[in-house]
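Q: I have the sequence and the model open side by side. Can we go through some local features together?

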Amino acid sequence: MSNSLVIIPTYNEKENIENIIRKVFSLPDVFHILIVDDGSPDGTAIIVKSLQQEFEGMLHIEERKGKLGLGTAYIHGFKWALKHHYEYIFEMDADFSHNPKDLIKLKSACIEGSDLAIGSRYIKGVNVVNWPMSRVLMSYFASVYVRLITRITIQDATAGFKCYRRIVLETIPLDKIKFIGYAFQIEMKFTAIKFGFKVSEVPIIFTDRTEGTSKMSTRIFREAFLGVIQIKLTSFFRDYSRNLDSKK
């Protein structure tokens, strides 16, 4: 049994999926995995299902029809995780840009008192490998922009490598999370902070994918740029109070 679930959204990740699954299961801590696959035409889901017998009870898959977006994949996974009573719930990419070994560091940060631990590329300088300088600058200054507009202090606002304690996902009204791309990552961090949860950043080294194709697009970047303003404006009309006595 495990109290930790790693959610990995996939779309056309056949080159990476078996290796990332085996790497997570090789860690000294026990993690379960939920793959949320958006109808990958390359057979990603078939590979996952072929591994389920080997990793019975540890490897799960939810298949969705069509490419519905990163944010909705994670929301789907969060609800599944809460239903199945996991305490520590992780977001991680399938392409090894996030080092599975860092799952242990993120979990430790939550065990030691954080409600949300973020694997941060920028908390100790710039720790990115194999990105062109243009993309490093775009990502770094995107976080500067987020801090300027929202007034949160997170150094890596668009980070997608995270560990939540279940109380955070029980408290945030998941059906009201609006965005589906990088703005989703910003919105979840901002909302957790507004609800008063303790958020920490854990330094990681981010390595760009070597297999498969990046899902970044100008549409996703544009959503994030405009979405930050909308997230801030919407916050003025939302109630972020929570009944602390009702959550354990």
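Q: Where is His85 placed?
A: This is a predicted model, and in it His85 sits in the loop between α3 and β4 (88-91).

Q: And what about the phi of His85?
A: Phi of His85 is near 70°, which is a positive value in a residue other than glycine.

Q: Is His85 buried or exposed?
A: His85 is exposed, with a relative accessible area of 65%.

Q: Which loop holds Asn12, and what is its phi?
A: Asn12 is found in the loop between β1 (4-10) and α1, and its phi, near 55°, is again a positive value in a residue other than glycine. Asn12 is partly exposed, its relative accessible area being 24%.

Q: Changing topic to charges, how many salt bridges does a search of the whole structure find?
A: The search finds 11 salt bridges. As background, side chains of opposite charge can pair when their charged atoms come close.

Q: OK, take Arg22: what does it form a salt bridge with?
A: Arg22 forms a salt bridge with Glu54, and the closest N and O atoms of the pair are 2.8 Å apart. Arg22 belongs to helix α1 (residues 17-25) while Glu54 belongs to the loop between α2 (44-51) and β3 (59-63), so the pair ties together parts that are 32 residues apart in sequence.

Q: How accessible are Arg22 and Glu54?
A: Arg22 is partly exposed, with a relative accessible area of 32%, and Glu54 is partly exposed too, with a value of 46%.

Q: What about Asp38 and Arg64, what do their side chains do?
A: The side chains of Asp38 and Arg64 meet in a salt bridge, with a distance of 2.7 Å from N to O. Asp38 lies in the loop between β2 (32-37) and α2, and Arg64 in the loop between β3 and α3 (70-83), so this pair ties together parts that are 26 residues apart in sequence.

Q: Are Asp38 and Arg64 buried or exposed?
A: Both Asp38 and Arg64 are buried.

Q: Which residue does Arg121 meet in a salt bridge?
A: The side chain of Arg121 meets that of Asp156 in a salt bridge, at 2.7 Å from N to O. This pair links distant parts of the chain, with Arg121 in the loop between β5 (116-120) and β6 (128-129) and Asp156 in the loop between α5 (133-150) and β7 (162-165), 35 residues apart. Both Arg121 and Asp156 are buried.

Q: Now the helices: how do the axes of α1 and α2 cross?
A: The axes of α1 and α2 come within 9 Å and cross at roughly 35°, and α1 passes α2 in a right-handed crossing.

Q: Which residues make that contact?
A: From α1 the contact uses Ile17, Glu18, Ile21 and Arg22, and from α2 it uses Thr44, Ile47, Val48 and Leu51. By class, the contact of α1 with α2 has five nonpolar, one polar and two charged residues.

Q: What about α7, how many of its residues are buried?
A: Helix α7 is mostly covered, as 10 of its 13 residues are buried, among them Phe184, Ile186, Met188 and Phe190.

Q: How far does α7 reach from its first C-alpha to its last?
A: Helix α7 (residues 182-194) reaches 19 Å, close to the 18 Å expected at 1.5 Å a residue. It is followed by Gly196, whose phi is positive, near 90°.

Q: And α5, what span should its 18 residues have?
A: At 1.5 Å a residue, the 18 residues of α5 should span 26 Å, and the end C-alpha atoms are 26 Å apart, which agrees. Helix α5 is followed by Arg151, whose phi is positive, near 70°.

Q: Last one: where is Val146, and which residues does it touch?
A: Val146 is in helix α5 and counts as buried at 1% relative accessibility. Not counting residues up to four places away in sequence, Val146 touches Arg151, Ile152, Ala157, Ile186 and Val228. Val146 and Phe225 are 79 residues apart in sequence and 8.5 Å apart in space, C-alpha to C-alpha.

Key:
Residues numbered from 1 in each chain as written. Predicted model: local features only at pLDDT ≥ 70, side-chain atom pairs only at ≥ 80, totals over all residues. Heavy atoms only, no water. Salt bridge = Lys/Arg side-chain N within 4 Å of Asp/Glu carboxyl O. Helix = DSSP H or I, 4+ residues; strand = E, 2+ residues; numbered from the N terminus. Buried < 20%, exposed > 50% of the residue type's maximum accessible area, 1.4 Å probe, protein only. Axes fitted to C-alpha atoms, helices over the stretch in contact; angles between N-to-C directions. Left-handed = near helix turned anticlockwise from the far one by under 90°. Contact = heavy atoms within 4.5 Å. Nonpolar A, V, L, I, M, F, W, Y, C, P; charged D, E, K, R; others polar. Expected span 1.5 Å × (residues − 1).
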